[in-house]
Amino acid sequence: MKKIYSIILIIGLGLGFFSSCSDMLDQSPDNILTNEEVFKDWNMIQSVLANYYGRVKWGQRIGDDWQYIYLDEACNSSGGPDYTQNFGDAHWRVFDYGLIRNINQFLEGIRSDAAADLTTDQRSQIEGEARFLRAWTYFNMVRCMGGMPIVGDEVFEYNQGMDVAPLQIPRSTEAESYDYVISECDAIFDLLPGDKTTNSARVNKWTALALKARAAIYAASLSKYNNELADPIMTSGNEVGIPASLSEGYYQIAYNTAKQIIDESPYMLQDQLDDKARNFYETTSVKDNNVEVMWTNDYIYPGQTTQFTTRNIPRSIREDMDGTIITPILNLVEAYEYTNDRDGELATMDTEGDYVFYDKPQDIYANKDARLWGTVIYGGSSFKGKDIVFQAGQKHLVDGVWTDIVDNIGSKDDDGLVITAEDGPTTSNDQNVNKTGFCIRKFLDETVGAGTRGRGSEMWFVNFRYAESVLIAAEAAMELGDQTNAVKYINQIRTRAGIQSLSSVTLDDIINENRVEFAFENHRYWDLKRWRKAHILWNGIEGDPTATHYALFPYLINEPGNPNDGKWVFDKQKAHMSVYPRYFQMKNYYNFIDQDWINRNPQLVKNPYQ
């Protein structure tokens, strides 16, 4: 009876945890379905599976945009300052054995006589999808905490008074846990269909390979770079820590798998528009005719929408009372190279320490990597057909010194010139007013009404896309000493972006390419962890250029008679909304194992620094 009730709870209440038996549950209410009724109904089976799809959303995501402020991509931009500095011991931690149990119960049902009416293809597909979601869950747990207990297909039952020792499974090693994810992806490849799915909302065999490639590159880089630390992070049983001797094998798996996706899958780099900037925006934000996105958390109106657009659209074109909640920071903008210059730093001052004067606000971004436009709304660029003006104030000369004039947003001087634009930026604590000089474009919905609380947006969130396979192939080839293929693959990505090709590839090239390609796509945090770079870049030092969040404030020159009158200058300054530099400590490479879990299962060993 337990299995029946778990299915009903999932359908009716969307609960993620199955409670143990009770007197109440041992009754037979007349408003629930039996296993036989559930597993003989194709629509009912898919409803249960849909519930599982809805429960595998962790880390950075547009359904919870506050998650974007933790890294070096964006900061809070509405209301008062944000005092975030440290990463918690449970930051983005995933430990969902309730879901693992539910999926195992579901698999048991699919394989039982209750599902005898299903065709072989139906059974295969459903089993493949369920096992993928289970592997995805394990992957998310492993990258948070290291090796996890692997329960396989077992559905454990607890009866009062029984010996619980058989239920207390120890943690596998970190390598064994990644191996399990990889082996599951191999096992389900032939169970899953190869065709694309509607809005990439359901997984197929290529998604399984994409997860396999990601798991392998994580294991490989952890194996290599953790062991290059002066004091490698590990436990005595290797629940944390992968031997360096395994790195080459994992890199080879990652390379071979990514290459199979590149050579055999129906996906490709989206490169359909001559306008490379617009092309990149549509790659991640437009569903129609998308050839690159492989798996998403999709949203459909009515019923399944997000408020990401409502909350983050520029104020001047907002459709509701919100907007500009979080905004990109200068750190990210300067990570984008120029088409012919790998240094992406914006030129605000000349060598003499004087301002660089620009005719138009967008001129400072001229010849930038097209992905910048596709990711960020900067001053002078447009969204939904309207030019967005970021203007912090005016500057005029006082005793030969350029001096600021600022006012409330939307203010004008006596000559009708804007002082401070409606889109800011400002250093006020006002709500829904820009504080960094940029807005997010990626995942922002252009659909009319998508920026309203009443309707919301159908924008998807991308979990896997083809470009990741290309960059995994480049990274793995580089690590295996194959510069020819490393250069070939990374240049495919760079050519799509319209920037110069490389003649050789280093790890730093890979790190920055991943940063700008996958900004806001839940990669940056995990990548810096696996490369053991997070504690170096987010070192907690006040004023450190990689740990401190920066903003860019544009000003209009208002000095009639001066040759620079009417031109634009820019001030780089600390983003006052991010009070403290980001501080990633060595203990943050692995989340803590909760003491309550250890109390229930003494076989669980703690992580280092815990």
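Biologist: What are the helix and strand percentages over residues 97-214?

Modeller: In this predicted model, residues 97-214 are 55% helix and 0% strand. The range itself comes from UniProt, where an unreviewed entry lists it as "domain: SusD-like N-terminal".

Biologist: How many helices and strands are there in the protein chain?

Modeller: The protein chain has 18 helices and 14 strands. Its radius of gyration is 26 Å, close to the 25 Å that the globule rule gives for 610 residues, so the chain is as compact as a globular protein of that length. Along the principal axes, the C-alpha atoms fill a box of roughly 90 × 55 × 45 Å.

Biologist: Let us turn to a sheet. What is the order of the strands in the open sheet of four?

Modeller: The order is E8-E7-E13-E14, and the pairing is mixed. Strand E8 (401-405) and strand E14 (568-574) are the edge strands, each pairing on one side only. From one strand to the next, the twist averages 40°.

Biologist: In which sense do E7 and E8 pair, parallel or antiparallel?

Modeller: E7 and E8 pair in the antiparallel sense, over five bridges. Within this pair, lysine 395 stands opposite aspartate 404 in E8. The two strands form a hairpin with two residues between them, and aspartate 399 in the turn has a positive phi of about 55°.

Biologist: And in which sense do strand E7 and strand E13 pair?

Modeller: Strand E7 (residues 393-398) and strand E13 (residues 550-557) pair in the parallel sense, over three bridges. Glutamine 394 has leucine 556 in E13 as its bridge partner.

Biologist: What should I expect of the side chains along a strand?

Modeller: As a general idea, side chains in a regular strand alternate between the two faces of the sheet.

Biologist: Finally, what percentage of the residues of the protein chain count as buried?

Modeller: Buried denotes under 20% relative accessible area; by that cut-off, 57% of the 610 residues are buried. The accessible surface of the chain comes to about 23,600 Å², and 47% of it belongs to carbon and sulfur atoms.

Key
Residues numbered from 1 in each chain as written. Predicted model: local features only at pLDDT ≥ 70, side-chain atom pairs only at ≥ 80, totals over all residues. Heavy atoms only, no water. UniProt positions renumbered as here; feature names shortened; annotations may be inferred. Pairing = 2+ DSSP bridges. Axes fitted to C-alpha atoms, helices over the stretch in contact; angles between N-to-C directions. Rg over C-alpha atoms; globule rule 2.2 N^0.38 Å. Buried < 20%, exposed > 50% of the residue type's maximum accessible area, 1.4 Å probe, protein only. Areas by Shrake-Rupley, 256 points an atom, 1.4 Å probe, with all protein chains shown as cover.
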